[in-house]
Amino acid sequence: MRIPIAKPALGEEELEAVKRVLESGILAHGPEVEEFEREFAEYVGVEHAVAVANGTAALDLVLKAYGIGPGDEVVTTPFTFIATANAVLFQGAKPVFADIDPRTFNIDPDSVLEAITPRTRAIIAVDLFGQPADMRALREIAEDRRLVLIEDAAQAHGAEFESRKAGSLGDAAIFSFYATKNMTTGEGGMVVTNDRRVAERVKLLRDHGQAEKYLHVELGYNLRMTSLQAAIGRAQLRKLDRLNEARRANARFLTEGLSKVRGITPPYEDPRCKHVYHQYVVRVEDEFPMGRDELRAFLESRGVGTAVHYPIPIHRQPLYRKLGYPQDICPNAIEASRRVLSLPVHPLLSKSDLEYILECVREAAQRGGR
Ligand SMILES: Cc1ncc(COP(=O)(O)O)c(C=O)c1O
């Protein structure tokens, strides 16, 4: 038996959606994409949603739409997937890293304040692992310093901060629908915003700068979403709340069991947030009798899939080291990268899977090693 770390929840509805598109004969951009955009915008509670090929494209295009480019700095977290920072590099701008809050793993607003310079144009906050960043404090900073606040909600479909949905908390936000995300289209992404000009600009940029058929007003790309992706996305969106509730119930069960295990710190839930557990990430503390990597190997040997999100903070990646980033900044992110371990939390886990995961961690706690 093996329990995978992630598994997409796909069924008859998605099959039906794919069949519908194949029978329609409209495979590229078409009415399914427009319907998906409309339904997604309504779900998030924003005016505009623009579907694109993937979450990385969404980040690239939203930064470009705001005119961020050479000479500009963008403050973000080093404890995220690489795409968040690379999107800034792709614009010719400079990512500047602020440290994280060690409890939530999200960007620390006080550290953001320290990272701001006269060149700063934007902040990208990531709703890491399915829990929104401190968007109230970040909003205040962005307004005070006249910065664009972009929410990277790639991992947080359906999450909430003070009862508002992730994706509606900044000036614009992006989502990813990659295969392991809380809702998927295989590959896919979305830009959401209340700013009509930004939405229009992203629409142009994703489609060769084409304002009308064969009228090209600026240099753009082909980063469109297909109708097949959109149709699957519509089916997934209808299930999203149910899938998220299953993740949250799984997380509650794991947290209840793990809070009795010395040396394992379960995820912290900010009381202002609804956490949707894209990942269930524990910290392996020094009191635990095994190190993080040893515990991981032990669980894998017992058939429990695990992952480390993320083993290397972005400023320490070879690419960023070569760019000359100092290696000793953001100590909380460095410490987190040594301690974190993601356990399965996806909606297809059974009660006995969850019990088995707990049993294996308890066994590791008793075996010791160091
Ligand atoms: C926080 C974050 N930002 C951006 C992305 C990029 O999304 P995609 O893989 O769809 O390009 C991801 C996803 O993998 C992510 O987790």
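A polar contact here is a pair of N or O atoms within 3.5 Å; within protein, one must be able to donate a hydrogen and the other to accept it, and residues adjacent in sequence count only if both atoms are side-chain atoms.

First, some ground rules. This is a predicted model, where local features need pLDDT of at least 70 and side-chain atom pairs count only at pLDDT 80 or more, while totals for chains, interfaces and linings use all residues. Residues are numbered from 1 along each chain as its sequence is written, and side-chain values use heavy atoms, with hydrogens and water left out.

The chain is split into domain 1 (12–236) and domain 2 (240–367), with bounds that come from an automatic or database domain assignment. Their C-alpha centres sit 25 Å apart. Between them, 39 residues of domain 1 touch 36 residues of domain 2, contact meaning heavy atoms within 4.5 Å.

How much area is buried between domain 1 and domain 2? About 3,400 Å², with carbon and sulfur atoms giving 60% of that; buried area is the accessible area (1.4 Å probe) that two parts lose on being put together, summed over both. On the domain 1 side, F79, F129 and N182 lose the most area to domain 2, together 21% of what that side buries.

Now for the polar side of things. The interface holds 23 residue pairs in polar contact (both at pLDDT 80 or more). On the side of domain 1 that touches domain 2, at least two residues each come from α4 (83–90), β3 (94–97) and β6 (160–161); helices (H or I, at least four residues) and strands (E, at least two) are DSSP runs, numbered from the N terminus. That side divides into 20 nonpolar, 12 polar and 7 charged residues, with Ala, Val, Leu, Ile, Met, Phe, Trp, Tyr, Cys and Pro counted as nonpolar, Asp, Glu, Lys and Arg as charged, and the others, Gly among them, as polar.

The structure has 32 salt bridges, each a side-chain nitrogen of Lys or Arg within 4 Å of a carboxyl oxygen of Asp or Glu. Across the domain interface the rule finds 1. D134 pairs with R272 in a salt bridge, their closest N and O atoms 3.2 Å apart.

Finally, take a look at β6 again. An open sheet of 3 strands runs in the order β7-β6-β13, with antiparallel pairing; two strands pair if DSSP finds at least two bridges between them. β7 (164–165) and β13 (273–274) are the edge strands. β6 and β13 pair over 2 bridges, and F161 has C273 of β13 as its bridge partner.
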